[in-house]
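Reader: I am new to this structure, and I would like to understand the terms used to describe it. Could you take me through them with care?

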Amino acid sequence: MAASLGPAGGGGAGAAHGSGPSGFAFDSGLEIKTRSVEQTLLPLVSQITTLINHKDNTKKSDKTLQAIQRVGQAVNLAVGRFVKVGEAIADENWDLKEEIKIACIEAKQAGETIAALTDVSSLNRPESDGQITIFTDKTGVIKAARLLLSSVTRVLLLADRVVIKQIIRSRNKVLATMERLEKVNSFQEFVQIFSQFGNEMVEFAHLTGDRQNDLKDEKKKAKMAAARSVLEKCTMMLLTASKTCLRHPNCESAHKNKEGVFDRMKVALDKVIEIVTECKPNGENDISSISIFTGIKEFKMNIETLRENLYFQSKETLSAMLEALLERTEDFTDCAYTSHEHRERILELSAQARTELQQLISVWIQAQSRKTKSIAEELELTILKISHNLNELKKELHSTAAQLAADLLKYHADHVVLKALKLTGVEGNLEGLAEYACKLSEQKERLIETCRLLRHVSGTEPLEITCLHAEETFQVTGQQIISAAETLTLHPSSKIAKENLDVFCEAWESQISDMSILLREINDVFEGRRGEKYGYLSLPKPMKNSANLRSLKADKPDSEEQAKIAKLGLKLGLLTSDANCEIEKWEDQENEMVLSGRNMSSMAYSLYLFTRGEGPLKTYQDLIHQLELKDDDKLMLLLEINKFVPLCHQLQTIIKTPLQNQVFLKVDKCITKARSMMAVLVQLLSLCCKLLKKVR
């Protein structure tokens, strides 16, 4: 009976939009409440299983009876906590209130029934005769357990709908504010609206981040990660691109640059909604159809079915599959950068695959009419031969793509073209701009082509999606760098135009860095090292004098930690932008308050880049050294406002606290504390600027 309950409780919640039964995020304090769903549901299921699997012939000792009663009471208490969470969700979502309330009532009734049936502590007493318990009505417990799991699943499915609605509402708020930002004409108005936009983007980032973590489908998770990455990076681009347009309202290239950012953000916002609602636009192609490795995998599965069924498919179908697969190898053989040796080997293996398929078809036809052992053995041999050939083709294609990518990344590691574009911009050199814009376009096309080849050999759907994201990023960012460089060249003395070009160049450099990580991950999958941890684990093995940070040699964040601190970093990056906006309002840019604020803003921006895996700070050690404020900077800030006193002391205390193998926790606290300090700084700069104007 226990086994029959599994599907009712185990799969129902997870079926909704690919999410599991935990980790929902809600406004108005419900995020914290719903986090307890996981803590109540998991022990609940295990406790019910314990009850259902209870054997009838178990000896009714006092110890056994007490254990049964404790389980029943624990189930009832867990249901009570769960019902409170459900009722809180219902109270804040009137459109679903009735459905959730009914499910909660059913869950509560089922929990009380289970508690009553497991009240067996008095069974060894004479007066207990006639009492209905788990021993006399096991069917009743099973029915109550099924009702409980069914009602809990319904609550979770309804809660999932609430999450989706929240994400859609949050997206709509962001879009509405973006429309206002597009039409703004004054810098003062822009600062006010952008501040609101930043808060809305942070809310959207939290909601979608929680959703991404809950997704069980790795393909959807990769798509969500790509869309959220676009939104995060474009938020910073939108700031500088919009400011450039406001500073140079008649500059066509500045408007083109800004429009590109807005357009890309809108596409990314729509992509998030497609993922959470599972609504695909008409005509969307399945990305797996363009991957050679996926084609090889499907082809091999089809020929291997011949071992069990000679009539499973037609010969024409197999021939068409192989031709479609080999046609895609033309992306490699037609590539101008593929070496002669690689090209010849790919063509040779492709021709060999066609020949071996014809041999397989010939033996296959014979096997259908002659059921002999020798024919069966010959069929097995031809299947093995063509499988081996396709494996060799995979190796050659992977080697070709990986070598091209590695060479390209090495060649562009110093970003010569970007540096030249920046220089021609500040010099106002239009001829130089044309020359280096052409070189960047060539570099962009080569990077896109290489990403396309990597997509063919990536080996998993999530990596295919990451390759596609890289293609799109190089395509869009390349054009935006050129428009930003053109604006600077036309206005060589413009600080904001220079800052804008720097932001887009940083995005390009960031994608180059991401591409090197992508290449490593593709190599790992191909070589069977998928999921392997590298030597820079964040929690090092115990060592002598490990309390001292300087004793750490490998202390970079791993992928899981990077994802956690990235969420902290987004708000920090926006606060840095707010601080810079406040600094620009000061007439005296050499004021000591401004200089100190700018230093702190620069420090915070370095932290923000660290949370994205970019910038000069590479390790936890670098980050903590960065946070060790110099005495003169700290003193200047402490004199201005008392709020900084506890924050500075707390930050320095965290820095000086021994690690004790908790380095990630320490960094997490540092970033959080720095974020609080930046929030105070933004208010402080605004207040001091107003006071200074009043004094004058």
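**Helix packing and salt bridges**

Author: In this predicted model, the crossing of α12 and α13 is left-handed, and the contact of these two helices is made up of 15 nonpolar, 10 polar and six charged residues.

Reader: What makes α12 roughly antiparallel to α13?

Author: The axes of helix α12 (residues 340-369) and α13 come within 9 Å and cross at roughly 160°. Angles over 145 degrees count as roughly antiparallel, and therefore α12 is described as roughly antiparallel to α13.

Reader: Why is α13 called roughly antiparallel to α17?

Author: Helix α13 (residues 373-411) packs against helix α17 (residues 495-526) at an angle of about 155°, with the axes 11 Å apart. Since the cut-off is again over 145 degrees, α13 is roughly antiparallel to α17. The crossing of α13 and α17 is left-handed.

Reader: How do you know that E461 and K219 meet in a salt bridge?

Author: The N to O distance between their side chains is 3.7 Å, and a salt bridge requires such a nitrogen to lie within 4 Å of the carboxyl oxygen, so the pair qualifies. It links distant parts of the chain, with E461 in helix α16 (residues 461-490) and K219 in helix α7 (residues 218-247), 242 residues apart.

Reader: Why is K219 called buried, and why does E461 count as partly exposed?

Author: K219 has a relative accessible area of 16%, and buried means under 20%, so K219 is buried. E461 has 31% relative accessibility, which falls between the cut-offs of 20% and 50%, and therefore E461 counts as partly exposed.

Terms used. Residues are numbered from 1 along each chain as its sequence is written. This is a predicted model: local features need pLDDT of at least 70, side-chain atom pairs count only at pLDDT 80 or more; totals for chains, interfaces and linings use all residues. Side-chain values use heavy atoms; hydrogens and water are left out. Axes are lines fitted to C-alpha atoms, for helices over the stretch in contact, and angles run from 0 to 180 degrees between N-to-C directions. Helices (H or I, at least four residues) and strands (E, at least two) are DSSP runs, numbered from the N terminus. Angles under 35 degrees count as roughly parallel, over 145 as roughly antiparallel, 65 to 115 as roughly perpendicular and the rest as oblique. A crossing is left-handed if the near helix is turned anticlockwise from the far one by less than a right angle, and right-handed if clockwise. Ala, Val, Leu, Ile, Met, Phe, Trp, Tyr, Cys and Pro count as nonpolar, Asp, Glu, Lys and Arg as charged, and the others, Gly among them, as polar. Buried means under 20% relative accessible area, exposed over 50%, partly exposed in between (1.4 Å probe, protein chains only).
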